[in-house]
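Subject: Structure for you to look at

Hello,

Here is the structure that I am handing over to you.

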Amino acid sequence: EYYTSLDGILYNKNKTKLVCYPAGKNQSSFVIPSDVIIIGDGAFAGCNSLTSITIPTSVTSIGISAFSSCSLLTNITIPDKVTSIGDRTFSDCSSLVNITIPDGVTSIGAFVFLRCSSLISITIPESVTTIGDNAFYDCKSLKTVYYSGTEEQKEKLNIATGNDCFKNAKWVYNSSGKEN
């Protein structure tokens, strides 16, 4: 009555919310259907076979821990309509190498990239004003932050505690990250 399953993947009845992608599926890539506008809390948590997830432009909301512990995930797209990245979204995605945060995102939640040990670069738009507690905790490989704003704008960022890896990376200002 309230849910539907398509190829073993659980959605709400009208397929606008992806509720759960089974951790036991052995696909290496997945393209989220274009009807989906919400990725639920923990929807892909622990999906260790996935190396690539394509998120359609229709998605406006990504839930807490949506992709946590996807240890082989190396490629993911975040659509432009997303305005915040919730707590623990990519925590323990130990194969994620680089990521681009789209323009329009204003906050990055707590523990978002916790223990993303392979993350070497991230592109942040100037629209981001808040970085949550431990968002980049134990991201020891993080070398470069590409930031579309100026050094003066960076100084106004509200960066919470536990983000030394992020703060101490090399910052490239007025950058879209495309030069990396």
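T123 is a residue of strand 12, which covers residues 121–124. The model is predicted, so local features need pLDDT of at least 70 and side-chain atom pairs count only at pLDDT 80 or more, while totals for chains, interfaces and linings use all residues. Residues are numbered from 1 along each chain as its sequence is written, and side-chain values use heavy atoms, with hydrogens and water left out.

To stay with T123: its relative accessible area is 7%, so it is buried. Buried means under 20% relative accessible area, exposed means over 50%, and partly exposed is in between (1.4 Å probe, protein chains only). Leaving aside residues up to four places away in sequence, T123 touches I99, T100, I101, Y146, S176 and G177. A contact here means heavy atoms within 4.5 Å.

The chain as a whole

The protein chain has 2 helices and 16 strands.

Of the 180 residues, 45% are buried. Among contacts with a separation of 6 or more, 30% are between residues 24 or more positions apart. The accessible surface of the chain is about 8,400 Å², and carbon and sulfur atoms hold 48% of that area. The areas come from the Shrake-Rupley method with a 1.4 Å probe; for residues, only the protein chains shown count as cover.

One sheet

Strands of a sheet pair through backbone hydrogen bonds, either parallel or antiparallel. In this model there is an open sheet of 3 strands with the order 4-6-8 and parallel pairing. Its edge strands are strand 4 and strand 8 (75–76), each of which pairs on one side only. Two strands count as paired if DSSP finds at least two bridges between them; strand 4 and strand 6 (residues 52–54) run parallel and are joined by 3 bridges. F30 has I53 in strand 6 as its bridge partner.

Salt bridges

How many salt bridges does the rule give? The count is 3. The rule asks for a side-chain nitrogen of Lys or Arg within 4 Å of a carboxyl oxygen of Asp or Glu.

D7 pairs with K25, and their closest N and O atoms are 3.7 Å apart. D7 is in the loop between strand 1 and strand 2 (9–12), and K25 is in the loop between strand 3 (17–20) and strand 4 (29–31), so this pair ties together parts that are 18 residues apart in sequence. D7 is exposed at 58%, whereas K25 counts as buried at 18%.

R115 pairs with D92, with 2.7 Å between the closest N and O atoms. The loop between strand 11 (107–108) and strand 12 holds R115, and the loop between strand 9 (84–85) and strand 10 (98–100) holds D92, so parts 23 residues apart in sequence are tied together. R115 counts as partly exposed at 37%, and D92 is partly exposed at 23%.

K140 pairs with D138 at 3.3 Å between the closest N and O atoms. K140 counts as exposed, with 65% relative accessibility, and D138 is partly exposed, with 26%.

Backbone angles

D92 comes up again here: its phi is near 60°, a positive value in a residue other than glycine. K15 has a positive phi of about 60° and is not a glycine. K15 is in the loop between strand 2 and strand 3 and is partly exposed, at 33%.

A surface patch

Y2, Y3 and L10 form a nonpolar patch on the surface, and together they have about 350 Å² of accessible area. Patches are made of residues with over 30% relative accessible area and no salt bridge; like charges are joined within 9 Å, and nonpolar side chains (Val, Leu, Ile, Met, Phe, Trp, Tyr) within 5 Å. Y2 is in the segment before strand 1 (3–6), and it is exposed at 59%.

Regards

Technical notes:
Helix = DSSP H or I, 4+ residues; strand = E, 2+ residues; numbered from the N terminus.
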